[in-house]
Amino acid sequence: MSTFVYMTRCDGCGHCVDICPSDIMHIDENIRRAVNIEPNFCWECYSCVKACPNHAIDVRGYADFAPMGHSVRVRREEEKGTISWKIKFRNGTTKDFVSPITTKPWGKFIPKLAEGEKPNDNEINSQMLYTEPNGLNIDGKLPSVPKDTFKKGVYY
Amino acid sequence: MISINPYAALAETISPLAIQGFILAMLGLIVIGTVVQMIHHKNVTYFFNNAKKAKLAAERELGIGEKTSVILKTVVHDIATTAELGAGKRRVAHVMGMYGTILFWVASVVLVFGYTGTGTTAPTIWTMIWHVGAIMTCVGGYWFWLFLRVDVLAEAHPWYRIIKADLFVLALLACATTGLAWSYFQSSGSAGLGYLFLVLFITSNIVLFGGVYWSKFAHMIYKPGAAIQKNLAEADGSRDNLPPLADVPKQFGLGIKREQPKHY
């Protein structure tokens, strides 16, 4: 199930709009609160759930760690650098977890794209994406796996 | 202008009873709009259901003293200073607009019911409160409308794009702006412009208070309720199923600073 918003908690700050990788979190035109405009396209990536400063967004947890009927909620405290999770199973059992947002210095591994070389017109109009093909690390051809290395009993 | 009671000058041509009746009619519209909205949107039902769920999930029962303390803290911190909006321009603009509106409305009631009769003169403090309240509403409201609104800041829509969610803020701004303009032109002797802005002031009031059912007006009622419920849930351990605040181990490293949501 895709993300949904608790209207009484949302204050329409726009953090979810800003962070959604699918650009499907938007501001409702009737009540100026966040809304998922395209639930079918939601990856359930939890970006908006973590980014919401008011914990107003919820989503069903992935079935591989929490079966149906559960609650999975997250609290992101960026000033402490922590993400806390609480899973409440349908039989009432609860599990709490705390993880760091990052263990590396913040900003160190963000690519400085603005400092890179500006692409020329040919590169902009090319089908290749930025840094391709070198960035793919495939030496000019797609990687292949020899058939004789396949596990026995598996046929393609 | 700032020391003149605009309603007293109006009472020379319109009966004070009619002006008082208009204010009572606006109060009636608020009550009707809010009740109809509560029935249709089922706001109260939602709050009661949420309270029941929180009670079932509570880790400990709060005493009356603790509950009172939580409610008082919420009123002082979350409601009076709109702490939910965090530190920043949005909170300053909201607080300015909120207190401006309260001052504007309270002063309107005092000036209309206390100082529109013959032989009564309004103290300068009340006329000043009325004007300062309207100015504060305009400053906070236009700041929000032009620059801080989420549609403009996070969604990159132009400031002049008007949607249904703007009904409340635009009607409120129209009230404060036309009220000030009416007061100015009436006190400066421009009768024509004075009447024009009076008509606009009355119209914007009718839109503001008559549009409660469709507008964000009710957020003034349910937002404080939601803040109290949230803080009670934090105190009794139910926390709407959220995890407790993290007890940070040192190896978790530095925290980060949240950026403004404007990377569209």
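Helix axes are lines fitted to C-alpha atoms over the stretch in contact, and the angle between two of them is taken between their N-to-C directions. The exercises below apply to a predicted model.

**Exercise 1.** Determine how helices H2 and H9 of chain B are oriented to each other, and which residues make their contact.

*Solution.* The helices concerned are H2(B), residues 16-41, and H9(B), residues 191-210. Their axes come within 8 Å and cross at roughly 25°. Angles under 35 degrees count as roughly parallel. H2(B) and H9(B) are therefore roughly parallel to each other. On the H2(B) side the contact is formed by B:Met26, B:Leu29 and B:Ile30, and on the H9(B) side by B:Asn205, B:Phe209 and B:Gly210. By class, this contact has four nonpolar, two polar and no charged residues.

**Exercise 2.** Describe the side of chain B that touches chain A.

*Solution.* In the pairing of the two chains, 29 residues of chain B contact 39 residues of chain A. Helices H7 (150-153) and H10 (219-236) of chain B each supply at least two residues of this side. H7(B) gives the largest share, three residues. Divided by class, the side comprises 18 nonpolar, five polar and six charged residues.

**Exercise 3.** Decide whether B:Ala227 is buried or exposed, and identify its contacts.

*Solution.* B:Ala227 belongs to helix H10 of chain B. The threshold for a buried residue is 20 or more other C-beta atoms within 10 Å. B:Ala227 has 21 C-beta neighbours inside 10 Å and so counts as buried. Leaving aside residues up to four places away in sequence, B:Ala227 touches B:Thr74, B:Asp78, B:Ile79 and B:Glu84. The C-alpha atoms of B:Ala227 and B:Trp145, 82 residues apart along the chain, are separated by 24 Å.

Notes: Residues numbered from 1 in each chain as written. Chains lettered and ligands numbered in written order. Predicted model: local features only at pLDDT ≥ 70, side-chain atom pairs only at ≥ 80, totals over all residues. Axes fitted to C-alpha atoms, helices over the stretch in contact; angles between N-to-C directions. Helix = DSSP H or I, 4+ residues; strand = E, 2+ residues; numbered from the N terminus. Parallel < 35°, antiparallel > 145°, perpendicular 65-115°, else oblique. Contact = placed C-beta atoms within 7 Å. Nonpolar A, V, L, I, M, F, W, Y, C, P; charged D, E, K, R; others polar. Buried ≥ 20, exposed ≤ 12 C-beta atoms within 10 Å, placed from the backbone.
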